[in-house]
Amino acid sequence: QVQLVESGGGLVQAGGSLRLSCVAPSRIFTIYTMAWFRQAPGKEREFVAGIRRNGDTSHKDSVKGRFTISKDGAKNTVYLQLDSLKPEDSAVYYCAANAGFSFAASAMNYWGQGTQVTVSS
């Protein structure tokens, strides 16, 4: 059973920042594509940002310039830095891993349990 463990969510005022972390087993972290998704109540889960094993990244248009995905190989951890947060960023944020190169939710092999981000206005 592969476990992806997220942390770092919380309640923050609009304009504030959070850093989400996702720890993965070493065998997953080194070869898998890692991504962050989010799901707000009543909405579909959506892609936020992803990073491939070669370091290539992709970010959802609406978060470009505000969110940044990165990874630390020494800690087997993927981060999502959330800056200039808006109330519409409130959601449960999920970490996911894919053995291939796609960032599509349907392609993900493993999911974390999610961490809640709430942005107050």
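This is a walk through the predicted model shown above, from its overall build to a few of its residues.

Residues are numbered from 1 along each chain as its sequence is written, and side-chain values use heavy atoms, with hydrogens and water left out. Because the model is predicted, local features need pLDDT of at least 70 and side-chain atom pairs count only at pLDDT 80 or more, while totals for chains, interfaces and linings use all residues.

Let us begin with the whole protein. It has 1 helix and 11 strands, where helices (H or I, at least four residues) and strands (E, at least two) are DSSP runs numbered from the N terminus. Read from that end, the order of the elements is β-β-β-α-β-β-β-β-β-β-β-β. The radius of gyration of the protein is 13 Å, close to the 14 Å that the globule rule gives for 121 residues, so the protein is as compact as a globular protein of that length. For this comparison, the radius is taken over C-alpha atoms, and the rule is 2.2 Å times the number of residues to the power 0.38. Along its principal axes, the C-alpha trace spans about 40 × 30 × 25 Å.

How much of the protein is buried? Buried residues make up 43% of the 121 residues; the word means under 20% relative accessible area, with exposed over 50% and partly exposed in between (1.4 Å probe, protein chains only).

Now for the aromatic rings. A pair of aromatic rings is described by the distance of the centres and the angle of the planes. Here, rings of Phe, Tyr and Trp (its six-membered ring) pair if their centres lie within 6.5 Å; planes under 30 degrees apart count as stacked, over 60 as edge-to-face and the rest as tilted. A search of the whole structure finds 5 such pairs. In one of them, the rings of Tyr-32 and Tyr-110 have centres 6.0 Å apart and planes at 35 degrees, so this pair is tilted. It links distant parts of the chain, 78 residues apart: Tyr-32 is in the loop between helix H1 (26-29) and strand S4 (33-39), and Tyr-110 is in strand S10 (residues 110-111). Tyr-32 is buried, at 11% relative accessible area, whereas Tyr-110 is partly exposed, at 26%.

Phe-47 and Phe-103 form a stacked pair, 5.3 Å centre to centre with 25 degrees between the planes. Phe-47 lies in strand S5 (residues 46-51) and Phe-103 in the loop between strand S9 (91-98) and S10, so the pair ties together parts 56 residues apart in sequence. Both rings belong to one aromatic cluster, together with Phe-37, Tyr-94 and Trp-111.

Next, look at Arg-38 in strand S4. Is this residue buried or exposed? Arg-38 is buried, with a relative accessible area of 7%. Leaving out residues up to four places away in sequence, its contacts include Glu-44, Glu-46, Phe-67 and Asp-89.

Finally, consider two loop residues. Most residues other than glycine have a negative phi. Asn-76, in the loop between strand S7 (67-72) and strand S8 (77-82), has a positive phi near 50 degrees. Ser-84, in the loop between S8 and S9, likewise has a positive phi near 50 degrees. Asn-76 counts as buried at 18% relative accessibility, while Ser-84 counts as partly exposed at 40%.

Notes. Contact means heavy atoms within 4.5 Å.
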